[in-house]
Amino acid sequence: MHCYTNVTYSTKTFQITHHSLSLLDCGTPPLDTRIVGGQDAPAGSWPWQASLHRSGSHFCGGSLINKEWVLTAAHCFPSDSTSNLVVYVGRLSQQGSNPNEVNRTVTQIIRHPNYTRSTEDNDMCLLKLSSTVTFTNFILPVCLAAPGSSFHAGATSWVTGWGSISSGVSLPSPQTLQEVYVPVVGNRQCNCNNGVGSITDNMICAGLSAGGKDSCQGDSGGPMVSKQGTRWIQSGVVSFGTGCAQANLPGVYARVSQYQTWINTQITSDQPGYVTFSSSGTDSDLSVSCTGLPNIPMTQGSDWGHYPV
């Protein structure tokens, strides 16, 4: 049975869907002392960040969305094997001591049934942990963007992970969790940049036009989040890109707001918290055009289009 809480930020009211009192505090880290523009993330700044390990090595990121489920990317799992698979939460660095972390094995890997490897469409996957984790200041779930969320071009976003710091260059010791600011790039612009037709409604893009900041290899499956009021809301799952941080080639993420129905079909109890993220003003992406890009239809097509009706 659904329970709804209306939360007001300044003049806007958003409806958060809850299925457990534990998720009333999704996306609200008590230790959110992050320094804007920093590289190493302070402990506890991103308490939903998960590190996925296979045979002792980090290979993908993920996000904790309740006490026993992690959201990640389907392309991280070419097979359903849970052998030697371990999920760490509360981890800050890949080397040395992590006093706030816990780990769990995985009992179930659920890739989106419509995931397409060739196009990376529907690049979503859920991992069920072997047992529940206890929430602490360093281990908390993120809120998920609800259907109808709007992330206009330029919306402030953050991506976190332990991936490469540039193409082919590994994160140096002690491999501390990295954070990077990347503004949203509208889907029309992203299609023009990456090739018209390559970006679907199930994707969201982010990056600087000049390049230099991006997710990279090893960040796959990790979260892209935006802050609304006091809450962090996950808008994307790191999916793919051409190289890393190249100019005019924004990174591409699975668009979380497209998947509430699918996620709730898999997670039938203690379901995640969902928040509608709303950008203000007019989306500059509506004015973007390039060769081969269809004109904007006169009906609402998706949560990214904001097409006039």
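Guide: A residue is called buried at under 20% relative accessible area, exposed at over 50%, and partly exposed in between, using a 1.4 Å probe and protein chains only. By that rule, 54% of the 309 residues in the protein chain are buried. The model is predicted, so local features need pLDDT of at least 70 and side-chain atom pairs pLDDT 80 or more, while totals for chains, interfaces and linings use all residues. Residues are numbered from 1 along each chain as its sequence is written, and side-chain values use heavy atoms, without hydrogens and water.

A nonpolar core is a set of buried Ala, Val, Leu, Ile, Met, Phe, Trp, Tyr and Cys residues joined through side-chain atoms within 4.5 Å. In soluble globular proteins, nonpolar side chains tend to be buried together. The largest core here has 46 residues, and Ile65, Val87, Leu127 and Ile263 touch the most other members. Elements that give two or more residues to this core include β6 (85-89), β8 (125-129) and α2 (260-266). Helices (H or I, at least four residues) and strands (E, at least two) are DSSP runs, numbered from the N terminus. The largest share, four residues, comes from β8.

Now take Val87. Another core, of 17 residues, lies apart from the largest one, with Cys143, Val180, Val184 and Tyr253 among its members.
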